[in-house]
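I opened the model to look up a handful of residues and the elements around them. My notes follow in the order I made them.

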Amino acid sequence: MFEVLMYDGGIYRSEELFEFVEDIGGTIIQKTRSSQILTVMMSIPEEDREAMTEFCKELGGEIRAVPLAGTEIAVVGPTLGRHHMPHPICDIAEHLRRQGAITVVMGLARGRGKLTSQINLEEKMIIDEYDAAIFSLGNFKPCVEAKADLFSDVKVPVILVSGPSPDGVEDKCEAIVSGVGRKASRMRTPPEREKLDEIADKVGSVLKDKKRLLDEDPLFVHPAEIKLLLEEYEPVDMCLRPAPVVLHLDGLRVKIGYDEHHADIENMEIYGRRVGDICRLSPSKINDSSIIIKIKTLSEVRQEDLRRAGADDP
């Protein structure tokens, strides 16, 4: 398995750091330079963590784990109204960002009321574009239990956050964190901060299980390698939206229009192959605002190669 780490240090001997990451089979995800300070987000094999730590000490820098880096997570509330979208949802999203994740906050169109709450197919398809979803429900146990049907058939891992601990919903989500209901103030006290840490730990644990499943049949290329390729594409380089390329566990989100750019991206080459041959590209369900790229696994690419070879045989 790969582990994502963040390096903080000076620019001195930074080229040696990049070479070391490459030598151990890792990937540079992001580099940020501010004056003489360098911040590098990297993905390296878990077994090389100790060697990387020692090497960074030699350079006078330090590394720390950012367990949620390379993921995009949706934090979902029943509605965007002030009754359902109080401070805890924003605090959860911000805390996950500090753990390395890219987060978005969503509200459902018909989440109002225990008996009238709904989620439509388009909303489910949007949520399924992310690596995981956090559903933040309310303070009333019967209401939380009734609204659990909102995420019962969402395909991505779901973490339920609510005030009371509900019964009978364990099979509808991957994890439950209770003790975080609606409140009109920020989560500032030590017990509240511990709850935010608990949510981040639950999300990290769920995504770690997802990573293990991916390791059983690895992706043909690491998402960061596709990211580096796309950053040289002029429309991406000129994009003014925040984080124009967002990493997922099994692919990427590219914040440019699908209709105009998907053919160019499919015809790019990496390791002698077309991107369109090793990835699946589709438009985002959010008004074609982005391109969703899912990277095929080694076995999928191998099977397609064998099928192609069989078709070419006389």
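I looked up Ser14 and found it buried, at 14% relative accessibility. I use buried for under 20% relative accessible area, exposed for over 50% and partly exposed for in between, with a 1.4 Å probe and protein chains only. Ser14 sits in helix 1, residues 14-23. From Ser14 to Val40 I get 9.6 Å, C-alpha to C-alpha, across 26 residues of sequence.

A note on the source: this is a predicted model, in which local features need pLDDT of at least 70, side-chain atom pairs count only at pLDDT 80 or more, and totals for chains, interfaces and linings use all residues. Residues are numbered from 1 along each chain as its sequence is written, and side-chain values use heavy atoms, with hydrogens and water left out.

I traced an open sheet of four strands, in the order 2-3-1-4, with antiparallel pairing. Strand 2 (27-34) and strand 4 (62-65) are the edges; each has a single partner strand, so one side of each lacks a neighbour in the sheet. From one strand to the next the twist averages 20°. Helices (H or I, at least four residues) and strands (E, at least two) are DSSP runs, numbered from the N terminus. Two strands count as paired if DSSP finds at least two bridges between them. Strand 2 and strand 3 (residues 37-45) share seven bridges in the antiparallel sense.

I then checked Thr32, which lies in strand 2. Its bridge partner in strand 3 is Thr39. At 40% relative accessibility, Thr32 is partly exposed. Neighbours within four places in sequence aside, Thr32 is in contact (heavy atoms within 4.5 Å) with Ile37, Leu38 and Thr39. Arg193 is 161 residues from Thr32 in sequence and 28 Å away, C-alpha to C-alpha.

Helix 2 (residues 49-58) lies across strand 1 (2-10), strand 3 and strand 4, at about 145° to strand 4. Axes are lines fitted to C-alpha atoms, for helices over the stretch in contact, and angles run from 0 to 180 degrees between N-to-C directions.

**Cores**

Which residues touch the most other members of the largest nonpolar core? I find Leu230, Ile265 and Ile293, in a core of 30 residues. Such a core is a set of buried Ala, Val, Leu, Ile, Met, Phe, Trp, Tyr and Cys residues joined through side-chain atoms within 4.5 Å. Among the elements that each supply at least two residues of this core are strand 1, helix 7 (223-230), helix 9 (258-266) and strand 15 (291-295). Contacts of Ile293, not counting residues up to four places away in sequence, include Leu230, Leu252, Val254 and Ile265. I noted a second, separate core of 23 residues, which includes Ile89, Ala101, Ala132 and Leu196.

**Cysteines**

I searched the whole structure for disulfides (cysteine sulfur atoms within 2.5 Å) and found zero. For Cys173 the nearest cysteine sulfur is that of Cys143, 15 Å away. Cys173 is buried, with a relative accessible area of 7%.

**Positive phi**

Most residues other than glycine have a negative phi. Ala243 is in the loop between helix 8 (234-237) and strand 10, and is partly exposed at 36% relative accessibility. Tyr271 also has a positive phi, about 55°. The loop between strand 12 (269-270) and strand 13 (273-274) holds Tyr271, which is exposed at 58% relative accessibility.
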